[in-house]
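The following note sets out several points on one helix pairing and on the charged contacts of the structure. The numbered paragraphs may be read alongside the coordinates.

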Amino acid sequence: KMQNIPFILQHHLNADPTRHLLTRVESTVYESVGSFATTFLKVMCADYFRPGWYKSRSRISGVNGAYATVYRSNLPWWSSEKRCVLKVIDLPRHNHDRCSQVEFYSEVAIHQKLANHPRVCKLYDFGVDTSADALILVLEEFKCSLKQWRLRHDDRQWMRAPTYWAIFREIVVACMDVLEAGVVHFDIKSDNILLNPLDGVS
């Protein structure tokens, strides 16, 4: 039983002898799964992603997950936004390693499903960088997490109770919106609640 077919498929699709077949593979995949083909091919094939657009990177300390490293970077000059965050996930090195491609595809599909939702982080780009053995999500940059914001305050937390209730309400509404879209968030914590300042506030 093949436990990690994506690992094998990705290896073959990015090998030099077979890369010239991508055009034919692309048309076949489109015939089979339609619009899902774009996501599938970007997850599996390095030719569909340009990691060089995000060369300038600075690692964000204290926010790395169990399987990912997070960086701040710049978007290409033609983008309407200037800054972004890169979530870099290691590719499996062996057939029996954790199949990160499947989890990565699921995360991309969720972002696409919730695209343009005002309470969901924007996904700008994604793909595989075989030169770095990594899958990369290019995401909207936020000023800080809810945890970081709280740690900046003094011990008189009770004085900020109205603000905390307002934030809690926004979190509940966001979770309800996501749930109504058919998505269940299994990792709700203050590290994953991201904040930007109001206009005119630093």
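**Note on helices α3 and α4**

1. In this predicted model, helix α3 contributes Val25, Glu26, Val29, Tyr30 and Val33 to a contact with helix α4, where the partners are Phe36, Ala37, Thr38, Phe40 and Leu41. By residue class, the contact of α3 with α4 comprises eight nonpolar residues, one polar and one charged. As a general point, an α-helix has 3.6 residues a turn, so residues three or four places apart point the same way.

2. Concerning geometry, the axes of α3 and α4 (residues 36-44) lie 8 Å apart, and the two helices pack at an angle of about 135°. An angle over 145 degrees would count as roughly antiparallel; α3 and α4 are therefore oblique to each other. Their crossing is right-handed.

3. Helix α3 spans residues 22-33, twelve in number, and extends 16 Å from its first C-alpha to its last, close to the 16 Å expected at 1.5 Å a residue. Just after α3, Gly34 adopts a positive phi of about 65°.

4. Turning to charged pairs, the count of salt bridges comes to eleven. One of these joins the side chains of Lys42 and Asp125, with an N to O distance of 2.7 Å. Lys42 belongs to helix α4 and Asp125 to strand β4 (residues 123-129), so this pair ties together parts that are 83 residues apart in sequence. In general, side chains of opposite charge can pair when their charged atoms come close.

Key. Residues numbered from 1 in each chain as written. Predicted model: local features only at pLDDT ≥ 70, side-chain atom pairs only at ≥ 80, totals over all residues. Heavy atoms only, no water. Helix = DSSP H or I, 4+ residues; strand = E, 2+ residues; numbered from the N terminus. Expected span 1.5 Å × (residues − 1). Axes fitted to C-alpha atoms, helices over the stretch in contact; angles between N-to-C directions. Parallel < 35°, antiparallel > 145°, perpendicular 65-115°, else oblique. Left-handed = near helix turned anticlockwise from the far one by under 90°. Contact = heavy atoms within 4.5 Å. Nonpolar A, V, L, I, M, F, W, Y, C, P; charged D, E, K, R; others polar. Salt bridge = Lys/Arg side-chain N within 4 Å of Asp/Glu carboxyl O.
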